[in-house]
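Q: Hi! Could you walk me through this structure?
A: Happy to, let's have a look together.

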Amino acid sequence: MGYFLRTLQLLSTCVAISLVGSLDSWTVPTSNWSFVILCFCFVVTFIILIIESLALQYCFSFSWGDFLLCHACYLALFCLLVSVIYPTTYVQFLFYTPSWDHAIAATAFCFISTVSYATEAIWILRWPQTGDFTGYIGSLPFLLKMLETLVACVILPFISNPYLYMDHPLLVSCVAVYSICFILGIVTILLNLADLENRLPISSSMFHLMLSQLSVLLYIGALVLWALYQFDEKFGGQPERSRDVSCQQRLTNYVCTWDQRLAVAVLTAINLLIYVADLVYWARQASAGTEDQPGDC
């Protein structure tokens, strides 16, 4: 079953990569983002297939079952995001051009990849709960961290246009906030998968509480600064969409500048809410004075 699913994943992502790459869309940020995500999915799946073919998974000290489940959940959501963002931010602007069929086919194969990764996740969840699982994957802390990193990843293509922030140093700091919090989230997940949290000089609850507090403060600052400098006329922003020429006259074949600003603001607010939920969870854990591990949730 695992070999069949991985073969399907490799074939579907490979075809989607070829179709997306064949289109003349290298100036479209969301298209480039979709291409990178699909390449990442293909490479990770190919490496896992090689490792399992050579039975090298037993050489790792971390839980291989947790890693596979994490991989399947993440890549399923990544491909789902590509299946939604790619057609809504690029394909709809093609207007039945010769590239239309290729773009639609690429979206279809992205959806096939989504189904195959989701099927793998469900299949892994049905495995006997032996020593291959630590219980972290599937817990509330992991779900929140996964959502935080996924939303941050979606923000990336919308801030790939330097025109949005290069004129204001404070807006550049917003981009730094998105990058820093994304890296901290990935590091936290890796520490849990490798079971290295117990080696930290502070307790697990305090470690997560401090990270959550830092992330909430950074995202609050980023949300306020982005909203002020992008939509307030006093700070040089554009409060109305109709004033953006690219939105008004369809001069581009992708999401216009004002819509990109709005997308970043909305995604920042969504991620702030997720970080607040994460902060509340770990604050309750710390106030209770318990070392309740994620697997016990």
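**A chat about the pocket and the rings**

Q: Which element gives the most to the lining of the largest pocket?
A: That is α3, with six residues. Bear in mind that this is a predicted model.

Q: How many residues line the largest pocket, and which lie nearest its centre?
A: The lining has 19 residues, and F40, C70, Y74, I186 and L190 are the ones nearest the centre. The elements giving two or more residues to it are α2 (29-53), α3 (64-89), α5 (140-158) and α6 (169-193).

Q: How much space is in there?
A: About 530 Å³.

Q: What about nonpolar, polar and charged residues in the lining?
A: There are 17 nonpolar residues, two polar and no charged.

Q: Switching to rings: how many aromatic pairs are there?
A: Ten. One of them is F60 with W64, a stacked pair at 5.8 Å centre to centre and 10 degrees between the planes. Y74 and F142 also pair, but edge-to-face, with 6.4 Å between centres and 80 degrees between the planes.

Q: What does the pair of Y74 and F142 tie together?
A: Y74 is in helix α3 and F142 in helix α5, so the pair joins parts that are 68 residues apart in sequence.

Q: Is F142 buried or exposed?
A: Buried, since its relative accessible area is 3%, and buried means under 20%. Y74 counts as buried too, at 10%.

Q: Which residues do ring pairs link into a cluster?
A: F40, Y74, F78 and F142.

Methods: Residues numbered from 1 in each chain as written. Predicted model: local features only at pLDDT ≥ 70, side-chain atom pairs only at ≥ 80, totals over all residues. Heavy atoms only, no water. 1 Å grid on protein atoms, 1.4 Å probe; cavity = no way out; pocket = protein on both sides within 12 Å on 5 of 7 lines; lining within 4 Å. Points joined across faces, edges and corners; volume = space filled by probe spheres on them. Helix = DSSP H or I, 4+ residues; strand = E, 2+ residues; numbered from the N terminus. Nonpolar A, V, L, I, M, F, W, Y, C, P; charged D, E, K, R; others polar. Phe/Tyr/Trp six-rings, centres within 6.5 Å; stacked < 30°, edge-to-face > 60°. Buried < 20%, exposed > 50% of the residue type's maximum accessible area, 1.4 Å probe, protein only.
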